[in-house]
Amino acid sequence: MDKKVTVIGAGNVGATAAQRLCEKELCDVVLVDIVDGVPQGKALDLMEAAPIEKHDSAVTGANSYELTADSDVVIITAGIPRKPGMSRDDLLKTNAGIMRDVTRNVAKYSPNAKLIIVSNPLDAMCHVAYKESGFPRNRVMGMAGVLDSARFRAFIAMELNVSVENTHAFVLGGHGDTMVPLPRYSSVAGIPITELMSQERIEALVERTRTGGAEIVSLLKTGSAYYAPASAAVEMAESILKDKKKVLPCAVLLEGEYGINNLFIGVPVKLGANGIEQIIEIRLSPEEDAALKKSAAAVQSLVDILE
Ligand code: APR
């Protein structure tokens, strides 16, 4: 393949992203993890599925970064889950340390890559990757809005019994309890959902979207969601690799847009061969704007802990 994507972290999200990338035949894939044998084993397993899945993407596993050299896109999923007795701040600091180490290596071997950050807490991890890589802001972005919007879309389709393909949804803000789903900009075949559902039902779907990650954790009990997160990261990578210029909600460094400065937060952007090619500023109602600012304050408090 003429494109190359590295996925750091060969756990649930990383391995699933690798599978989606190669089964869509978008690129060759290098899977990196610190655990010896795991990325190599998963890569070989995916290669052995290739004759059946009918793709010629090469998948390689590694514990170091040499093979990642000159990647077009790097998806970073490395991190540890919260363990019993661990505070959110401890997790934040541990994952920030992992993110620093990973980003340093990624930037050394692939100085022109676009980085898609997936590790949580997402918006804070984007700050770490941005600082450590020294990359311009158009090449560092976080995956959150595509996932949150996909969850909202899935719930809209279930509620109205329509094809998911007809649904469109926008979720802005940080990735967490303070995310800002925008019903006004969410539609079915172009019809705003505010025309199709009662306010009460919309609020119920918005709340389910906000707690979508926790709903999966409470079902799985030993881990968090990975099919939809992997799909979301791969949709972003595809738009970059194919220069599709899709408009997707992504966490990006705002420098005055939406009245927010020097903070990664989810807003609609155009994704193409140059990474973030445009930040699209949509008009928000006073309530939506207040919700976005509240979400920004939550992200800022995490960044403050790291700094
Ligand atoms: N370098 C490379 N890989 C690492 C490092 C490191 N320094 N530290 C940890 N890892 C690897 C782990 O060995 C593990 O295989 O990251 C992988 C994480 O995988 P999982 O524990 O299965 O977690 P996953 O469900 O994939 O989630 C990854 O994405 O959605 C977020 O909240 C989620 O932050 C989490 C991340």
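Because the model is predicted, local features need pLDDT of at least 70 and side-chain atom pairs count only at pLDDT 80 or more, whereas totals for chains, interfaces and linings use all residues. Residues are numbered from 1 along each chain as its sequence is written, and side-chain values use heavy atoms, with hydrogens and water left out.

The protein chain contains nine helices and 14 strands (DSSP runs numbered from the N terminus, with helices being H or I of at least four residues and strands E of at least two). Its radius of gyration is 19 Å, close to the 19 Å that the globule rule gives for 307 residues, so the chain is as compact as a globular protein of that length; the radius is taken over C-alpha atoms, and the rule is 2.2 Å times the number of residues to the power 0.38. Along the principal axes, the C-alpha atoms of the protein chain fill a box of roughly 50 × 45 × 40 Å. Of the 307 residues, 48% count as buried (under 20% relative accessible area, with exposed meaning over 50% and partly exposed in between, for a 1.4 Å probe and protein chains only).

Strand β1 (residues 4–8) pairs with β4 in the parallel sense over four bridges, where two strands are said to pair if DSSP finds at least two bridges between them. Within this pairing, Val-7 has Ile-75 of β4 as its bridge partner. Strand β5 (residues 114–117) also runs parallel to β4, joined to it by four bridges, and here Ile-75 stands opposite Ile-116.

Strand β12 (residues 246–255) has seven of its ten residues buried, so it is largely enclosed by the rest of the structure. Ten bridges join β12 to the antiparallel strand β13 (residues 261–272), and Val-247 finds its bridge partner in Lys-270 of β13. The hairpin of these strands has five residues between them, and Gly-256 takes a positive phi near 105 degrees. A further three strands form an open antiparallel sheet in the order β7-β10-β11. Its edge strands, β7 (167–168) and β11 (191–192), each pair on one side only. Two bridges link β7 to β10 (residues 187–188), with Thr-167 opposite Val-188.

Turning to the ligand, 16 residues surround it, and the closest are Asn-12, Val-13, Asp-33, Thr-77 and Asn-120; a residue counts as near if one of its heavy atoms lies within 4 Å. The shell divides into eight nonpolar, seven polar and one charged residue. Helices α1 (12–23) and α3 (88–109) each supply at least two of the shell residues. Oxygen atoms of the ligand lie 2.8 Å from a backbone N or O atom of Val-13, 2.6 Å from a side-chain N or O atom of Asp-33 and 2.8 Å from a polar side-chain atom of Asn-120. The protein covers 81% of the 730 Å² of accessible area that the ligand has on its own (by the Shrake-Rupley method with a 1.4 Å probe).

Technical notes: Polar contact = N/O pair within 3.5 Å; in protein donor to acceptor, adjacent residues only side chain to side chain. Nonpolar A, V, L, I, M, F, W, Y, C, P; charged D, E, K, R; others polar.
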